[in-house]
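Here is a short tour of a helical model and its charged pairs. Have the structure open as you read along.

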Amino acid sequence: MTDSDQEGNLIYHYVASYLGIDKCETLRFYETALTEKDILNSFLTMEDFYKTPRHANTTKAGIFRSRWDWLLGMNMTVAYTVRFGELIKFGSVKAPTLKIIY
């Protein structure tokens, strides 16, 4: 189980792809609130990870962000650091770092 956000969907997408189970039906638990009633309702109304627009679009957005972070965050951090002679962080590198670990 991963968080119900962009990074959570991206982590699941990478793991499922690696394991070769990305074509299997996958039900996604998506919490909207943390009360007992809402959690139970979320379990009873789980939707397919690959077919539900919310999950599919969030995953696509995570992939796009990962590539954008790589392009800007990783490369511009190196460029600015080399140019100015000190570490200058540019952007977020969480998603590409996750891809490197994966």
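## Helix H3

In this predicted model, helix H3 buries His55, Ala56, Thr59, Gly62, Ile63, Ser66, Asp69, Gly73 and Thr77. The helix runs over residues 53-84, which makes 32 residues. From first C-alpha to last, H3 reaches 44 Å, close to the 46 Å expected at 1.5 Å a residue.

Just after the helix, Gly85 adopts a positive phi of about 75°.

## Helix H1

Helix H1 covers residues 6-19 and has 14 residues. Its end-to-end C-alpha reach is 20 Å, close to the 20 Å expected. Buried here are Glu7, Gly8, Asn9, Leu10, Tyr14 and Ala16.

At the start of H1, Asp5 brings a side-chain oxygen to within 3.4 Å of the backbone nitrogen of Glu7. Just after H1, Gly20 has a positive phi of about 75°.

## Salt bridges

How many salt bridges are there? The count comes to three. One of them pairs Glu7 with Arg65, with the closest N and O atoms 2.2 Å apart. It joins distant parts of the chain, as Glu7 lies in helix H1 and Arg65 in helix H3, 58 residues apart. Glu7 counts as buried because its relative accessible area is 16%, under the 20% cut-off, while Arg65 is partly exposed at 25%.

Asp22 and Lys23 form another salt bridge, at 4.0 Å from N to O. Asp22 is partly exposed at 21%, whereas Lys23 is exposed at 76%. Glu47 and Arg54 also meet in a salt bridge, at 2.8 Å; Glu47 is partly exposed at 31% and Arg54 is partly exposed at 35%.

Technical notes
Residues are numbered from 1 along each chain as its sequence is written. This is a predicted model: local features need pLDDT of at least 70, side-chain atom pairs count only at pLDDT 80 or more; totals for chains, interfaces and linings use all residues. Side-chain values use heavy atoms; hydrogens and water are left out. Helices (H or I, at least four residues) and strands (E, at least two) are DSSP runs, numbered from the N terminus. The expected span of a helix is 1.5 Å times one less than its number of residues. Buried means under 20% relative accessible area, exposed over 50%, partly exposed in between (1.4 Å probe, protein chains only). A polar contact is a pair of N or O atoms within 3.5 Å; within protein, one must be able to donate a hydrogen and the other to accept it, and residues adjacent in sequence count only if both atoms are side-chain atoms. A salt bridge is a side-chain nitrogen of Lys or Arg within 4 Å of a carboxyl oxygen of Asp or Glu.
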